[in-house]
Structures are given as C-alpha cells and as structure tokens.
Amino acid sequence: MLGRSGTIRGCYTLEFWQYRALSSPPPELHRVHYPAGSRSRKSHAEPGAVQLSSAQINQVLKANEYSHTLPRGPASHGVLGFYSNTLPSNQPSEDRRSNATCLPGRGGVLFGVFDGHAGSACAQVISQRLFYYITVAMLPLKMLQELEWAVEEDRAVPPLLEWHKHPQDPSCLDDGAISFHSLRNYWQERLEGEEDGEQEEGVTSALVDAFCRLDYDLSVEAQAQLLQSSPRKMSLPGEGLALSSPLRVALSGSTTCVAYVSSGVLHVANLGDSRAVLGVQEQDGHWSAISLTNDHNAQNPDELQRVLGEHPPSEHRTAVRHDRLLGLLLPFRAFGDVRFKWSPEMLNQLYESGPNVRSAVSGSVWGLPPHYLTPPYLSAQPEITRHLIRPADKFLVLATDGLWELMHRQTVIQLVGDHLTGLQHQRPIIPRVDMTLGSLQRLLLERQRRVQAVLEDQNTATHLLRHALGDDGYGAVAPNRLAKMLSLPSDLARRYRDDITITVIHLNEL
C-alpha cells in the first residue's frame, strides 16, 4: 500500500491517536539512565546443548542479515547505507525491523526496530504501518490534497515509501481496507485542521503525532471489532482471533525505536527500552558512544516520576509495583497493551467476550489488574531527540533490548568502529623501538584474528551478534560458547537471551 511494491486502487492492501504535540523543544544529547552492563540473564549456556559446526553457526547467524547501500548525493540525506540482522529466541520471534526511504515531500530515510511482547502481532503491524503515518504527518498539505483527490477519483497513487526489506521478513496479512481507512482518516483530519509548516520543530511534532495517532487507531479498530462481534461468535470453538486481527494486535504490545535522517539532521523517536547509540570517532581515533535514547522503565528516575505524576498520590504505591506498571508491565511506554489504557467499563466488556479473546493474550493475567483506578497507565507518546550530524558521527546503532542486556554500549560502538574500519583497510604496523619479538608476535596474531573476524562477517550487525553471544570476556569470540548459545532449544533459549534485532546505519566515511 502506497509503497514501491505497488500502487493503490479499489480495495487497498497494506504492506504495511490521542494527539499531543510537544510544547517544548526536543532534548539534545543529555543524561541517560543505563546500567553499566545489565546482564539479567544467565551468562553460560546449557552444557547439554548440541554442538554446531562452524558452517552451521554461520548459517544460523547469517540467515536474516541484510544490507543496503544508498546512492551518493542529496537523495541519501547523509546516509551511506546500513547493515541489519535479527536473531530469534522466541518461536516465532517477537522482534521486527523496518527500513525505508520517504519518496515525496522533504524525503528522508527511516529505520526502526520493534520489540513485541505478549505475542508478535502488535510489533508486526507497527513495523508495517508506522512509517506511513510518519510520512503522512510530514507531507505538505498540498501533497496530501493531491493524494486525497487521487483516491476519490480512483486514480493510481504514487508510492510514499521505498522499502528496503529482507525477503524473509514476516509479512502482515491484516485487513488492508481497515488499515487504509484509518490512514486516510488521518490525512483528511490534517487537511481539515492544520496550516502548512516546514520548520524543524515540525519534524518533532509530526513524529509525536504519528506515534500517538497510530496507537489511537489501533485502539479504535480493536473496539470496533469487539463491539461488532457477537458474544456467541467470540466463544465458538475454532473461531479464534487471527494473528493480525485488531483485537489481537491491541492486546499485545510493542516498544519502538525509530531513526529519521533528512538533510543531515537525525531525529530519534523512542518508546520503551530499545536504544539508539551514536558512534563518534574522536580526533585521536578513539571511539565514543553517545546515547540518544532513555529507557522508559523504573530504572529511569525521570520516567518513574512522570508516571507517578500522572496519577493521584493515593496511587503512588500501586501505579508502579516491583518496578512494573501495576506490578505487571516492565516498559512504561509502548504501542498496544490496551489492558493498561482502556476504561474499566471497556475492559470488562472485553473480559466477558469469550475464551477466544482470552486465548489471544499471552500469559496468565486476565481481568482488571489490581488498583486499576485512573487509566491510562501506559503511554504511546515517544521521546524525541534531535541531532545535527557532524563529520565525526560515523554510525548509529539501533537495537532491541536483547543486545543491550548482553553488551555495554561502549563495547558495541568499539566493535562496530573496528569492524567498519577493518572492512575498508588494515592499518600498517609500526613497531616501537623497545618492542620485543614476543610482543610483535602477539601483535601480529591479534591482527590476524581481527582480519579473520572481518572476513567472517561482511555484515556489521552479524558481527555484533557473534560477539554478543560468543564473548569470552576478553573481547574475542569463544567458538564453543557461541555454538552452545545458538544450539539451545527454543524452550530454553529464552532463559539465556531475548530476541535480538540490530540495525547499524553508516553516516560518514571512516
């Protein structure tokens, strides 16, 4: 739908809002609240795991890798290309990724990682619909009017996005007519109630509005399905909710981290605990990691105070319990998860609708949570960071929390920097005057190891996955550990790691 894969006519098929704009400018690069290395999962693989050969390891690691080089010139908006990969732990994976070039209007390039929970339905739909909402939010009104006229006259509409996808990335089988109807309502409301503007602040407010509007539309679509479906049908055996049904999407949830690059300016929009980290090469050649996102959970004191401040003092002991919203949900911002957003009356209607709705929710929690008094408790308003790309800013790493649970951000940036540098050239060795033959031999062996690592992975995201799972504690990969981590059966893998999705965006030549 509205993508390079085709135009829209007649019945629309998608590949694929409480609105509130920011009243203050977006934060620049500022303090973050990350643990130094949050290894919350066990650090050693099961001793009984099946051993994989080197060829099998590479087959698993590289199955979902993808890379794309953008053409040089203004059309790239300052992006040279990107590397991406995803490795499931859950079966099926609850992570998703998206990458696309915006074709009309101001243009730009969009990248996103999506970490689903309570199933993959919400992450799947968000990964295919959010970029359309962002594009519509940024389009000049004149272009939106031309889009509306084309739809009214049943003419072919030029694509809004050019997708850059791995051929095996999951496709959404949702009702495209519903999705397109919601998107069209969005641009019609923009046409009715806005004045055009091209200021930089417009990007920030457009990102916020697109996130909030899509979440609002998911909620409305789910309520419509709930109200239109008979209680009898909801309770019939074999009449379970389809994976992409609006109710299943809204009952699951997804954190999201999106990067938008246009004309050398980077905006990052974040919900939850996925992260964006900038790799900066200092004048002396060393690498610095600059965090562009804050985690939206109880470990962030500002975020905790935001949540508590939205509810009366009488709920300060119950709104967040055991570092979770109402004692149940870890992220404080996410798409979907209407069980933390709808009114008690609407939720009671949901809970009375039958076993097929209940089967759509992963986990054992059913019914109103304790102390559910003043919803919504969960927000879909993203936190936006704007950054002017400098020559020293070489790349940006977007990743779901599965990576950050295993690796510190500085380690990630160092690995990516060394790998990108190694892909381009190998620096000559200049021995010191006082260097012994033994020291020189060790230096040559280390150089050989680095060359082999570069040759092994041409995709930088794959290189990160290899080190995250096989780290020997000294900066190298232990083959036995890597093999064990990759050979764990699905029922055990989740105990040791989460789904991991990584996109490395190359901004400037090294």
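Two strands count as paired if DSSP finds at least two bridges between them. Helices (H or I, at least four residues) and strands (E, at least two) are DSSP runs, numbered from the N terminus.

The model is predicted: local features need pLDDT of at least 70, side-chain atom pairs count only at pLDDT 80 or more, and totals for chains, interfaces and linings use all residues. Residues are numbered from 1 along each chain as its sequence is written, and side-chain values use heavy atoms, with hydrogens and water left out.

**Exercise 1.** Determine the strand order of the open sheet and its edge strands.

*Solution.* Step 1: the order of the six strands is E1-E2-E15-E14-E8-E9, with antiparallel pairing. Step 2: E1 (66-69) and E9 (287-291) each pair on one side only, which makes them the edge strands. Step 3: strand E8 (residues 275-281) pairs with E9 over five bridges, in the antiparallel sense. Within this pair, Leu 278 has Ile 290 in E9 as its bridge partner.

**Exercise 2.** Classify the crossing of helices H1 and H14, and describe their contact.

*Solution.* Step 1: the axes of H1 (residues 54-62) and H14 (residues 460-470) come within 10 Å and cross at roughly 120°. H1 is therefore oblique to H14, since angles under 35 degrees count as roughly parallel, over 145 as roughly antiparallel, 65 to 115 as roughly perpendicular and the rest as oblique. Step 2: from H1, Ile 57, Asn 58, Leu 61 and Lys 62 meet Thr 462, Leu 465 and Arg 466 of H14, where contact means heavy atoms within 4.5 Å.

Terms used
Axes are lines fitted to C-alpha atoms, for helices over the stretch in contact, and angles run from 0 to 180 degrees between N-to-C directions.
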